[in-house]
Amino acid sequence: MSRGLQNCTAQPAQLLDPDVFRRQGHQVIDFIAEYYSRISDYPVHPDVLPGFLSRRLPEAAPSRPEQPDALSAALNDVRDLILPGITHWQSPRHFAHFPATSSTIGALGEALAAGINVVPFTWAASPAATELEVVVVDWLGKALHLPKSLLFEGGGGGTLLGTSCEAILCVLVAARDRKLAEVGEGRIGDLVVYCSDQTHFAFPKAARIAGLRKDNCRVIPSSLQDMYALPPASLQAAMQADVEAGLIPLFLCTSIGTTPTTAVDPIRELCAVASPHGVWVHVDAAYAGSALICPEFRHLADGVEAVDSLSMNPHKWLLANNDCCALWLKQPPALVAALGTDDDVILKDAAAMDDGVPIVDYKDWQISLTRRFRALKLWLVLRCYGTDGLRDAVRTHVRMAAAFEDMVSSDARFEVVATRLFALVCFRLRPPTETTSRCEADDLNKRLLVAVNATREGPYMSRAVVGGAYVLRCAVGSTLTEERHVRDAWKVVQHHATLILAM
């Protein structure tokens with residue numbers, strides 16, 4: 001063997017040397033632990049301008065590792081350059097968006113899956129990874145009290161994807177192909193999809209990606225009278241009008257917990273409207289689906305036994321760390337028919353094919369071929385915290401949000417603009433006088449949000465437009481948030497409201 005080849009074969013062993021891995025792993029774990037110990041020292045949202053980081057980093061990657069310790073040098077830059085320029089989603093004062101909850105087990109589960117680093121696109125590619133996913137999605141489905149028809153043990157099935165955006169696109173493609181098999185592929189331009197004006201933008205985006213006409217997406221208006229839920233009567237009128245116009249109702253995206261206000265659509269009534277037209281009904285429960293683990297919220301999913309699919313994100317509120325979306329379907333073969341690939345013999349395992357036992361090849365349940373071993377992380381979270389522990393986490397956040405809602409309601413200058421169902425409070429300053437216009441009132445609330453978010457040690461909140469009005473959103477959900485953070489957040493809001501109203 002030549003000396004050059006010897007050098008090439010010797011070096012890769014150092015890339016996964018157990019002793020080096022152990023030493024550097026301790027460095028990273030210590031770094032993360034230190035970050036969490038002082039996360040409150042950072043403003044939740046950085047005060048930076050576009051391009052701030054590129055000006056402080058080299059123009060090209062290094063050709064050789066930095067000596068004497070490249071990882072230590074890189075971690076120093078993370079501390080000094082990266083962390084001051086990120087939004088700290090795990091901060092106890094982060095109230096702007098639905099949570100991306102973290103936990104010790106969730107983070108270590110991510111590390112374990114990354115360390116093992118399998119690619120379970122088929123059963124044969126990693127049998128235990130596939131079978132663990134089959135088990136864990138049924139575990140989670142039972143914990144959420146989903147109908148048996150959506151679980152593997154009831155003839156349905158589930159998978160773990162990256163996000164609900166991906167899940168919606170997958171089931172929409174399945175519904176499209178199933179319908180076109182009935183009416184002919186030439187009628188794709190006649191397919192119509194439905195949602196409310198509160199539905200996440202991922203749905204109309206998915207419809208465009210799926211090749212459906214942009215003007216064939218019916219956005220049904222909601223109102224305060226219906227608590228911003230999709231009204232069945234309006235849906236029925238829209239579908240009937242489309243049928244009379246020679247169009248084909250295809251897909252309805254309902255929500256349990258919309259992004260602006262966490263509104264919950266009446267699933268049972270909407271399914272009754274959609275069923276005569278053969279419409280695929282999907283439930284997007286990305287955020288609030290986690291709350292179904294608590295008995296007191298399960299009534300909000302009444303009628304879910306009639307839907308075709310449901311997705312929710314354990315990484316939002318069940319301590320599973322990004323990314324982890326669970327998708328269940330009543331008829332998985334429809335998804336496999338749309339997304340499956342059978343023509344690559346490299347991916348097939350002859351022994352598994354000849355055994356005669358049905359197997360799951362998860363590559364046929366998603367858009368991409370490569371996939372992550374997400375089941376390992378979720379399995380660890382469920383084992384190490386238990387369903388009772390997850391319920392406690394959800395209830396703690398709901399309780400703190402209720403306390404914040406009470407504080408808002410007790411100040412006559414403010415109003416809660418949408419019924420709080422979970423851990424999101426939508427509120428705003430009332431118009432200070434009877435002659436204050438809608439535009440002026442919106443401007444007051446915009447200024448209030450800017451002032452609150454500019455407070456270095458204050459909370460970070462977001463906004464929405466609800467019923468045509470500009471409102472502030474306070475979403476309680478960080479793992480580190482305590483009651484004192486909620487109280488302090490309200491004090492900051494009150495302080496700036498006083499200053500703004502005095503101008």
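A residue is called buried when its relative accessible area is under 20%, exposed when that area is over 50%, and partly exposed in between, using a 1.4 Å probe and protein chains only. The structure is a predicted model, in which local features need pLDDT of at least 70 and side-chain atom pairs count only at pLDDT 80 or more, while totals for chains, interfaces and linings use all residues. Residues are numbered from 1 along each chain as its sequence is written, and side-chain values use heavy atoms, with hydrogens and water left out.

**Aromatic pairs**

- Rings of Phe, Tyr and Trp (its six-membered ring) pair if their centres lie within 6.5 Å, and planes under 30 degrees apart count as stacked, over 60 as edge-to-face and the rest as tilted; by this rule there are 14 aromatic pairs.
- One of them is the tilted pair of Y35 and Y42, with 6.1 Å from centre to centre and 50 degrees between the planes.
- Y35 is buried at 13% relative accessibility, and Y42 is buried at 9%.

**The pair of Y287 and W317**

- Y287 and W317 are stacked, with their centres 4.8 Å apart and 15 degrees between their planes.
- Because Y287 lies in the loop between β5 (280–284) and β6 (309–312) and W317 in helix α11 (residues 314–317), the pair ties together parts that are 30 residues apart in sequence; helices (H or I, at least four residues) and strands (E, at least two) are DSSP runs, numbered from the N terminus.
- Y287 is buried, with a relative accessible area of 2%, and W317 is buried at 0%.

**Cluster and charge**

- Y287 and W317 belong to one aromatic cluster with F98, F297 and F422.
- R473 lies over the face of F98, at 5.2 Å from the ring centre, where a charge sits over a ring if NZ of Lys or CZ of Arg is within 6 Å of the ring centre and within 35 degrees of the ring normal.
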